Every structure is written in structure tokens, then in C-alpha cells.
Amino acid sequence: MYEQLAKSIGEKVALTAAEFDLCKTFFIPKKIRKKQTLLLEGDVCTYNAFIEKGILRSYTTDAKGNEHIIQFAFEGWWITDLSSFLMGENSTYTIEAIEDSELLLLTAAAREELMNALPVFERYQRLLLENAYIALQARVNSALTATAEEKYTKLTIAYPDIVARVPQHMIASYLGLTPETLSRVRKQITLRK
């Protein structure tokens, strides 16, 4: 169950087999079903979750009851409400499984212990945060400047299997579009092919 984690860590830093065996002891394996929540908005986030299998989403709900998806997390990705996880504040987001999923959970205390035991894991975490911040800046820029078609095209190029694995209304929410607008965009793209 630790194959994706080994791959993710190995892409950023080098760990010996013994170090990786030690690393695994800090994680809590968990399976969750489709539509099961890992975190509810308003609760304190106690886990940073690594996805071994499946897809999760992080979203917030506005005063009108509309969901706004902040993140999708696929195999090999991490998902958490970072502010809540690190600061112990109430969560702004709900985290829910889109598919049956297998997770590796890391508590804040276990994360600190792991970084102390294996300083290379701290480097791995820093590199992940740097990449996440770069991706966040790109997403904000796209949200502010890209057309609906550009947003959808970029998403499907970056994540080709998203259309098959994530419902269209969720993709629309992630892109800041209505489902109707996304449907029109998809139709326009199809007609040009």
C-alpha cells in the first residue's frame, strides 16, 4: 500500500530502504468509500492525507449552498486543509472521496516526529510546499485571466483522465464555471475537432 508514497518521495529526495521502512511507521493506512468525508468544514483538520489510490476533492460551500472545489487530489498527491492542520483552526474546507480510495494519514505530531527522525523528509515536505505554491499561483492567474475554454483545455491536457474519473459538475465547479457553460465549452471543442 505504500507504492505511490515511495514513488512520490523518490521523485524529490533519496531514501534508503531502511529509512523508508521507518517512514512508513508514521502513517495510518485508511480506506474510505466514494462520497465519504475525511474532513468536514468547521472541524479541525487532524490529518495530511496521501492518496495511494482514488481521488479526493476539497471544497467549500457558500451561503447559498453552492460548492466551490478548491482541489482535486489523485494518486500520488497530498490533500489537507493546511491552515487548519498546522494551526489547529477550524477548517474552511470539506474533503471528500470521489472514488473509493486508499489513504496514508499523517498527523501533525507524527509529521514533526518524522521530520526529526528523517531530516530528508523535511526537505521532501518543503519541495512539495514550494511546488504547491507555484501551482496555486498558476491557478489564480488562470482564474483571473483565462477564458472558460482555456481553463478547460489546460486542465484536460494536464490531467487527461480527469474527464473519465470526475463528474462534469465538479470539473465546472473547480474551474469556476456553471455546468451549462462547461457543457457549451465542451461542445465547441468537439465541433472543432
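Tutor: A salt bridge here is a side-chain nitrogen of Lys or Arg within 4 Å of a carboxyl oxygen of Asp or Glu. Side chains of opposite charge can pair when their charged atoms come close. The model is predicted, and by this rule it has 9 salt bridges.

Start with Arg-33 and Asp-100, whose closest N and O atoms are 3.3 Å apart, so the pair meets the 4 Å cut-off. Arg-33 counts as exposed, at 58% relative accessibility, whereas Asp-100 is partly exposed, at 40%.

β1 pairs with β8 (residues 101-106) in the antiparallel sense, over 5 bridges. One of the residues involved is Lys-30, whose bridge partner in β8 is Leu-103. Strands of a sheet pair through backbone hydrogen bonds, either parallel or antiparallel. In this case, 4 strands make an open sheet in the order β1-β8-β3-β6, with antiparallel pairing. β1 (28-32) and β6 (78-79) are at the edges and have a single partner strand each, so one side of each has no neighbour in the sheet. The loop between β1 and β2 (37-39) also holds Lys-35. Lys-35 has a positive phi, near 75°, although it is a residue other than glycine, and with 63% relative accessibility it counts as exposed.

Other salt bridges lie within one helix. Asp-21 pairs with Lys-24, and their closest N and O atoms are 3.5 Å apart. These two residues are 3 positions apart in helix α2 (residues 17-24), so about one helical turn separates them. Asp-21 is partly exposed, with a relative accessible area of 43%; Lys-24 is partly exposed too, with 26%.

Helix α5 gives another case. There the side chains of Glu-130 and Arg-126 meet in a salt bridge of 2.7 Å, N to O. The two residues are 4 apart in helix α5, about one turn of the helix. Glu-130 has a relative accessible area of 37%, which makes it partly exposed, and Arg-126 is partly exposed at 39%.

With Leu-82, Leu-86 and Met-87, Leu-129 makes a nonpolar surface patch of about 370 Å². Helix α3 (residues 82-87) supplies the largest share of that patch, 3 residues.

Finally, consider the chain around these pairs. It has 9 helices and 8 strands. Its radius of gyration is 18 Å, close to the 16 Å that the globule rule gives for 193 residues, so the chain is as compact as a globular protein of that length. Of the 193 residues, 38% count as buried. Among contacts with a separation of 6 or more, 71% are between residues 24 or more positions apart.

Technical notes
Residues are numbered from 1 along each chain as its sequence is written. This is a predicted model: local features need pLDDT of at least 70, side-chain atom pairs count only at pLDDT 80 or more; totals for chains, interfaces and linings use all residues. Side-chain values use heavy atoms; hydrogens and water are left out. Two strands pair if DSSP finds at least two bridges between them. Patches are made of residues with over 30% relative accessible area and no salt bridge: like charges are joined within 9 Å, nonpolar side chains (Val, Leu, Ile, Met, Phe, Trp, Tyr) within 5 Å. Accessible areas come from the Shrake-Rupley method with a 1.4 Å probe; for residues, only the protein chains shown count as cover. The radius of gyration is taken over C-alpha atoms; the globule rule is 2.2 Å times the number of residues to the power 0.38. Buried means under 20% relative accessible area, exposed over 50%, partly exposed in between (1.4 Å probe, protein chains only). Contact means heavy atoms within 4.5 Å.
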